[in-house]
Amino acid sequence: MLKFDHYSAERCSSPRDLGPRVRSDTAMTGECTLRGWVLPVGGIKAKVLAAHCAGLTRVVLPQKNARDAEEIPKEVRSELELIFVQDMSQVIAAALEDAPIEAAGAAANVTAAEPAAAA
């Protein structure tokens, strides 16, 4: 499995990149399969609070962690845009500036199979 976990977008792109740039206001956490499905992870409250303290305004989270958002204080939740995703095409669309969803889905080569349950 591939893992992606709370990287600041400012470290991931530069002005000389040829493709779409990664949004500098977005943090993300989760785990993905080789088929592109996003799986749940632990520690959502701590990760979202860290993103908020770092000044980020958007956080991309696994859809299966949506119930964990209730643990985040209301004051923090009201200042953040929480984006819940199920597959990598949605992650790419949320993380890149001006990334059309169709192009992101084609780049991620996502299949229509159901994600495997996290063990």
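Arg-23 forms a salt bridge with Asp-25, and their closest N and O atoms are 2.8 Å apart. A salt bridge here is a side-chain nitrogen of Lys or Arg within 4 Å of a carboxyl oxygen of Asp or Glu. The model is predicted, so local features need pLDDT of at least 70 and side-chain atom pairs count only at pLDDT 80 or more, while totals for chains, interfaces and linings use all residues. Residues are numbered from 1 along each chain as its sequence is written, and side-chain values use heavy atoms, with hydrogens and water left out.

Arg-23 is partly exposed, with a relative accessible area of 26%, and Asp-25 is partly exposed at 22%. Buried means under 20% relative accessible area, exposed means over 50%, and partly exposed is in between (1.4 Å probe, protein chains only). A search of the whole structure finds two salt bridges. Glu-81 and Arg-58 form a salt bridge as well, with their closest N and O atoms 3.3 Å apart. Because Glu-81 lies in strand E5 and Arg-58 in strand E4, this pair ties together parts that are 23 residues apart in sequence. Glu-81 is partly exposed at 41% relative accessibility, whereas Arg-58 is buried at 8%. As a general point, side chains of opposite charge can pair when their charged atoms come close.

The protein has four helices and five strands. Helices (H or I, at least four residues) and strands (E, at least two) are DSSP runs, numbered from the N terminus. From the N terminus on, the order of elements is β-β-β-α-β-α-β-α-α. Of the 119 residues in the protein, 37% are buried.

Strand E4 covers residues 58-62, and five of its five residues are buried, so the strand is largely enclosed by the rest of the structure. Strand E2 (residues 26-32) runs parallel to E4, and three bridges join the two. Strands count as paired if DSSP finds at least two bridges between them. Thr-26 stands opposite Arg-58 in E4, and Ala-27 stands opposite Val-59. E4 is also joined to E5 by five bridges, again in parallel, with Arg-58 opposite Glu-81 in E5. The chain gets from E4 to E5 through helix H2 (residues 74-79), in a β-α-β crossover that is right-handed. Right-handed means that, with the strands pointing away from the viewer, the path from the first strand over the helix to the second runs clockwise.

E2 is mostly covered too, with seven of its seven residues buried. In a regular strand the side chains alternate between the two faces of the sheet. In E2, Thr-26, Met-28, Gly-30 and Cys-32 point one way, and Ala-27, Thr-29 and Glu-31 point the other way. E2 also pairs with strand E3 (residues 38-39), antiparallel and through two bridges. Cys-32 has Val-38 as its bridge partner in E3. Five residues lie between the strands of this hairpin, and Gly-36 takes a positive phi near 95° there.

Next come the nonpolar residues. A nonpolar core is a set of buried Ala, Val, Leu, Ile, Met, Phe, Trp, Tyr and Cys residues joined through side-chain atoms within 4.5 Å. The largest such core has twelve residues, including Ala-27, Val-41, Ile-44, Val-59, Leu-61 and Val-76. Helix H1 (44-53) and E4 each supply at least two residues of this core, and H1 gives the largest share, three residues. Apart from this core lies another, of ten residues, among them Cys-32, Val-85, Met-88 and Val-91.

The loop between E4 and H2 holds Gln-63 and Glu-70. Gln-63 is partly exposed at 34% relative accessibility, and Glu-70 is exposed at 64%. Gln-63 and Val-85 are 22 residues apart in sequence, yet their C-alpha atoms are 5.0 Å apart. Glu-70 and Lys-45, 25 residues apart along the chain, have C-alpha atoms separated by 8.8 Å.

Asp-87 sits in the loop between E5 (81-85) and helix H3 (88-95). Asp-87 is buried yet has no salt bridge, and Lys-64, the nearest side chain of opposite charge, is 12 Å away. For charge, Lys and Arg count as positive and Asp and Glu as negative, while His and the chain ends are not counted. The side chain of Asp-87 does make a polar contact of 2.3 Å with that of Ser-89. A polar contact is a pair of N or O atoms within 3.5 Å; within protein, one must be able to donate a hydrogen and the other to accept it, and residues adjacent in sequence count only if both atoms are side-chain atoms.
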